[in-house]
Amino acid sequence: MVSPVLFAQVAWDEGVCIATAATLSSALYALLTVLALASLLSSTLKSLSSHGKTRSTIADRRFTVFTVPKQRFRDFYIVGFFVTCAVVSLGGDVAATASNRIVFTLVLLHLARRYHECAHVHRSTSSSRMHVAGYALGILHYLCLPFVLVTTKDVTGVTPGDESNHCDFLFILGCIFFQYQQHRHHLLLAKLRAHDRSASDPEYSIPIGGGVRFVSCP
(Lines give C-alpha, C1' and ligand atoms only; values in the text may rest on other atoms or scores of the structure.)
Protein backbone atom coordinates (compact mmCIF):
# COMPACT_ATOMS: atom_id res chain seq x y z
CA MET A 1 0.00 0.00 0.00
CA VAL A 2 1.39 3.39 -1.02
CA SER A 3 1.90 5.76 1.88
CA PRO A 4 -0.26 8.92 1.60
CA VAL A 5 2.82 10.98 2.41
CA LEU A 6 4.84 9.31 -0.36
CA PHE A 7 1.95 9.74 -2.80
CA ALA A 8 1.74 13.44 -1.97
CA GLN A 9 5.49 13.84 -2.47
CA VAL A 10 5.31 12.15 -5.87
CA ALA A 11 2.21 14.08 -6.94
CA TRP A 12 3.70 17.40 -5.92
CA ASP A 13 6.97 17.90 -7.73
CA GLU A 14 7.34 21.57 -7.00
CA GLY A 15 9.83 22.14 -9.79
CA VAL A 16 7.60 20.66 -12.49
CA CYS A 17 4.42 22.29 -11.16
CA ILE A 18 5.92 25.77 -10.86
CA ALA A 19 7.67 25.51 -14.24
CA THR A 20 4.38 24.48 -15.87
CA ALA A 21 2.48 27.27 -14.11
CA ALA A 22 5.16 29.77 -15.14
CA THR A 23 4.88 28.70 -18.79
CA LEU A 24 1.09 28.94 -18.81
CA SER A 25 1.18 32.27 -16.98
CA SER A 26 3.68 33.69 -19.44
CA ALA A 27 1.39 32.69 -22.31
CA LEU A 28 -1.57 34.36 -20.58
CA TYR A 29 0.53 37.48 -19.98
CA ALA A 30 1.40 37.61 -23.66
CA LEU A 31 -2.32 37.41 -24.48
CA LEU A 32 -3.12 40.16 -21.96
CA THR A 33 -0.42 42.33 -23.52
CA VAL A 34 -1.93 41.84 -26.98
CA LEU A 35 -5.37 42.73 -25.63
CA ALA A 36 -3.98 45.85 -23.93
CA LEU A 37 -2.40 47.01 -27.20
CA ALA A 38 -5.56 46.14 -29.13
CA SER A 39 -7.63 48.28 -26.74
CA LEU A 40 -5.85 51.33 -28.15
CA LEU A 41 -7.54 50.63 -31.49
CA SER A 42 -10.78 48.97 -30.37
CA SER A 43 -13.47 51.08 -28.72
CA THR A 44 -15.12 47.91 -27.43
CA LEU A 45 -12.00 46.72 -25.60
CA LYS A 46 -11.35 50.24 -24.34
CA SER A 47 -14.88 50.36 -22.91
CA LEU A 48 -14.40 47.04 -21.14
CA SER A 49 -11.10 48.09 -19.57
CA SER A 50 -12.06 51.62 -18.52
CA HIS A 51 -12.86 52.51 -14.93
CA GLY A 52 -13.60 55.50 -12.76
CA LYS A 53 -13.96 58.83 -14.50
CA THR A 54 -12.80 57.39 -17.85
CA ARG A 55 -16.09 55.47 -18.03
CA SER A 56 -18.00 58.76 -18.33
CA THR A 57 -16.72 59.08 -21.91
CA ILE A 58 -18.21 55.74 -23.01
CA ALA A 59 -20.78 56.25 -25.74
CA ASP A 60 -21.86 52.59 -25.98
CA ARG A 61 -24.50 52.04 -23.28
CA ARG A 62 -23.98 48.25 -23.43
CA PHE A 63 -20.94 48.66 -21.23
CA THR A 64 -22.65 50.62 -18.48
CA VAL A 65 -24.14 47.38 -17.08
CA PHE A 66 -22.37 44.46 -15.41
CA THR A 67 -20.10 46.72 -13.41
CA VAL A 68 -18.58 46.52 -9.94
CA PRO A 69 -17.46 49.36 -7.62
CA LYS A 70 -13.98 50.67 -8.32
CA GLN A 71 -13.20 50.07 -4.64
CA ARG A 72 -12.97 46.39 -5.60
CA PHE A 73 -9.49 47.18 -6.94
CA ARG A 74 -8.28 46.03 -3.54
CA ASP A 75 -9.34 42.47 -4.45
CA PHE A 76 -6.52 42.33 -7.01
CA TYR A 77 -3.88 42.85 -4.34
CA ILE A 78 -5.50 40.46 -1.86
CA VAL A 79 -5.47 37.71 -4.51
CA GLY A 80 -1.91 38.53 -5.57
CA PHE A 81 -0.66 38.58 -1.97
CA PHE A 82 -2.09 35.19 -1.01
CA VAL A 83 -1.12 33.49 -4.28
CA THR A 84 2.45 34.79 -3.89
CA CYS A 85 2.55 33.55 -0.29
CA ALA A 86 1.31 30.15 -1.49
CA VAL A 87 4.05 29.94 -4.14
CA VAL A 88 6.68 30.87 -1.54
CA SER A 89 5.35 28.30 0.94
CA LEU A 90 4.84 25.41 -1.50
CA GLY A 91 7.52 26.16 -4.06
CA GLY A 92 10.28 24.29 -2.27
CA ASP A 93 13.82 24.71 -3.58
CA VAL A 94 12.69 26.60 -6.68
CA ALA A 95 11.10 29.43 -4.71
CA ALA A 96 13.93 29.43 -2.17
CA THR A 97 16.70 30.64 -4.50
CA ALA A 98 18.30 33.96 -3.61
CA SER A 99 16.93 35.83 -6.63
CA ASN A 100 13.41 34.47 -6.12
CA ARG A 101 13.44 35.41 -2.43
CA ILE A 102 14.35 38.97 -3.36
CA VAL A 103 11.70 39.19 -6.08
CA PHE A 104 8.94 37.72 -3.93
CA THR A 105 9.77 39.99 -0.99
CA LEU A 106 9.53 43.06 -3.20
CA VAL A 107 6.32 41.81 -4.82
CA LEU A 108 4.72 41.24 -1.41
CA LEU A 109 5.81 44.73 -0.36
CA HIS A 110 4.23 46.16 -3.50
CA LEU A 111 0.97 44.23 -3.04
CA ALA A 112 0.65 45.20 0.63
CA ARG A 113 1.30 48.86 -0.21
CA ARG A 114 -1.22 48.91 -3.05
CA TYR A 115 -3.88 47.32 -0.83
CA HIS A 116 -3.23 49.98 1.81
CA GLU A 117 -3.57 52.71 -0.81
CA CYS A 118 -6.83 51.27 -2.16
CA ALA A 119 -8.28 50.88 1.33
CA HIS A 120 -7.01 54.03 3.02
CA VAL A 121 -5.62 56.53 0.49
CA HIS A 122 -7.75 56.48 -2.66
CA ARG A 123 -10.99 58.45 -2.50
CA SER A 124 -13.24 56.91 -5.11
CA THR A 125 -16.86 57.99 -5.13
CA SER A 126 -19.76 55.55 -4.85
CA SER A 127 -20.53 56.14 -8.53
CA SER A 128 -17.03 55.14 -9.66
CA ARG A 129 -17.35 51.78 -11.44
CA MET A 130 -15.43 49.32 -13.59
CA HIS A 131 -16.74 46.66 -15.96
CA VAL A 132 -16.82 43.11 -14.67
CA ALA A 133 -14.66 42.01 -17.65
CA GLY A 134 -11.90 44.39 -16.59
CA TYR A 135 -12.29 43.17 -13.02
CA ALA A 136 -11.91 39.54 -14.14
CA LEU A 137 -8.78 40.38 -16.15
CA GLY A 138 -7.32 42.13 -13.12
CA ILE A 139 -7.88 39.03 -10.98
CA LEU A 140 -6.31 36.88 -13.70
CA HIS A 141 -3.31 39.21 -13.86
CA TYR A 142 -2.56 38.82 -10.16
CA LEU A 143 -3.19 35.09 -10.20
CA CYS A 144 -0.45 34.76 -12.82
CA LEU A 145 1.94 37.37 -11.41
CA PRO A 146 4.04 35.26 -9.00
CA PHE A 147 4.43 32.45 -11.55
CA VAL A 148 5.61 34.84 -14.27
CA LEU A 149 8.27 36.30 -11.98
CA VAL A 150 9.66 33.07 -10.57
CA THR A 151 12.98 31.83 -11.98
CA THR A 152 12.67 28.08 -12.53
CA LYS A 153 15.15 25.32 -13.24
CA ASP A 154 16.35 25.05 -16.81
CA VAL A 155 16.77 21.82 -18.79
CA THR A 156 20.24 21.22 -17.32
CA GLY A 157 18.80 21.07 -13.81
CA VAL A 158 20.65 24.20 -12.73
CA THR A 159 18.60 26.88 -11.02
CA PRO A 160 19.77 30.30 -12.19
CA GLY A 161 20.07 32.98 -9.58
CA ASP A 162 21.08 30.68 -6.69
CA GLU A 163 23.52 33.33 -5.55
CA SER A 164 22.85 37.02 -5.26
CA ASN A 165 25.22 39.51 -6.84
CA HIS A 166 26.01 43.21 -6.68
CA CYS A 167 23.29 44.02 -9.24
CA ASP A 168 20.67 42.76 -6.81
CA PHE A 169 21.47 45.58 -4.41
CA LEU A 170 20.90 48.21 -7.10
CA PHE A 171 17.71 46.43 -8.16
CA ILE A 172 16.38 46.45 -4.59
CA LEU A 173 17.21 50.13 -4.08
CA GLY A 174 15.62 51.06 -7.41
CA CYS A 175 12.45 49.10 -6.68
CA ILE A 176 12.02 50.61 -3.21
CA PHE A 177 12.70 54.11 -4.53
CA PHE A 178 10.09 53.86 -7.29
CA GLN A 179 7.58 52.25 -4.94
CA TYR A 180 8.07 55.20 -2.60
CA GLN A 181 7.59 57.64 -5.48
CA GLN A 182 4.39 55.91 -6.58
CA HIS A 183 3.01 56.03 -3.04
CA ARG A 184 4.02 59.69 -2.74
CA HIS A 185 2.12 60.59 -5.89
CA HIS A 186 -0.94 58.58 -4.87
CA LEU A 187 -1.06 60.70 -1.70
CA LEU A 188 -0.65 63.83 -3.81
CA LEU A 189 -3.58 62.91 -6.04
CA ALA A 190 -5.75 61.84 -3.09
CA LYS A 191 -5.37 65.28 -1.51
CA LEU A 192 -7.02 66.83 -4.56
CA ARG A 193 -10.31 65.23 -3.53
CA ALA A 194 -10.71 66.29 0.08
CA HIS A 195 -13.69 64.94 1.99
CA ASP A 196 -14.73 68.47 2.96
CA ARG A 197 -14.95 69.69 -0.66
CA SER A 198 -17.90 72.02 -1.16
CA ALA A 199 -20.38 71.70 -4.02
CA SER A 200 -18.91 74.74 -5.75
CA ASP A 201 -15.37 73.31 -5.76
CA PRO A 202 -14.19 71.53 -8.93
CA GLU A 203 -14.31 67.73 -8.73
CA TYR A 204 -10.78 67.47 -10.11
CA SER A 205 -7.90 69.90 -9.64
CA ILE A 206 -4.49 70.18 -11.26
CA PRO A 207 -1.91 68.40 -9.06
CA ILE A 208 1.14 70.35 -7.97
CA GLY A 209 4.44 69.00 -6.71
CA GLY A 210 6.46 65.82 -7.07
CA GLY A 211 7.19 64.58 -10.57
CA VAL A 212 4.04 66.29 -11.85
CA ARG A 213 5.98 69.51 -12.30
CA PHE A 214 7.92 67.89 -15.15
CA VAL A 215 4.80 67.06 -17.17
CA SER A 216 2.22 69.65 -16.10
CA CYS A 217 1.41 72.26 -18.77
CA PRO A 218 1.09 75.97 -17.88
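**Entry 1**

I began with arginine 113, which at 12% relative accessibility counts as buried (under 20% relative accessible area; exposed is over 50%, partly exposed in between; 1.4 Å probe, protein chains only). I worked on a predicted model, in which local features need pLDDT of at least 70 and side-chain atom pairs count only at pLDDT 80 or more, while totals for chains, interfaces and linings use all residues. Residues are numbered from 1 along each chain as its sequence is written, and side-chain values use heavy atoms, with hydrogens and water left out.

I found a salt bridge from arginine 113 to glutamate 117, with the closest N and O atoms 2.7 Å apart (the term requires a side-chain nitrogen of Lys or Arg within 4 Å of a carboxyl oxygen of Asp or Glu). About one helical turn separates the two, because they are 4 residues apart in helix α6 (helices are DSSP runs of H or I, at least four residues, numbered from the N terminus). Arginine 114 also forms a salt bridge with glutamate 117, at 2.5 Å between the closest N and O atoms. I noted that arginine 114 is buried at 8% and glutamate 117 at 0%.

**Entry 1: the remaining salt bridge partners**

My search of the whole structure gave 3 salt bridges. One of them joins the side chains of aspartate 75 and arginine 72 (2.7 Å, N to O). Aspartate 75 is buried at 13%, whereas arginine 72 is partly exposed at 34%.

I located leucine 111 in helix α6 (residues 98-120) and read its relative accessible area as 1%. Beyond four places in sequence, leucine 111 touches Tyr77, Gly80, Phe81, Thr84, Tyr142 and Leu145 (contact: heavy atoms within 4.5 Å). Its C-alpha lies 5.2 Å from that of tyrosine 77, although 34 residues separate them in sequence.

The largest nonpolar core has 14 residues, and Phe76 and Tyr77 have the most contacts inside it (a set of buried Ala, Val, Leu, Ile, Met, Phe, Trp, Tyr and Cys residues joined through side-chain atoms within 4.5 Å). Elements giving two or more residues to this core are α4 (73-90), α6 and α7 (132-149); α7 gives the most, with 5.

**Entry 2: confidence**

I recorded a mean pLDDT of 76 for the protein chain, with 69% of the residues scoring at least 70 (pLDDT is the predictor's confidence in each residue, from 0 to 100). By element, the lowest mean belongs to helix α1 (residues 4-11), at 49, and the highest to α4, at 91.
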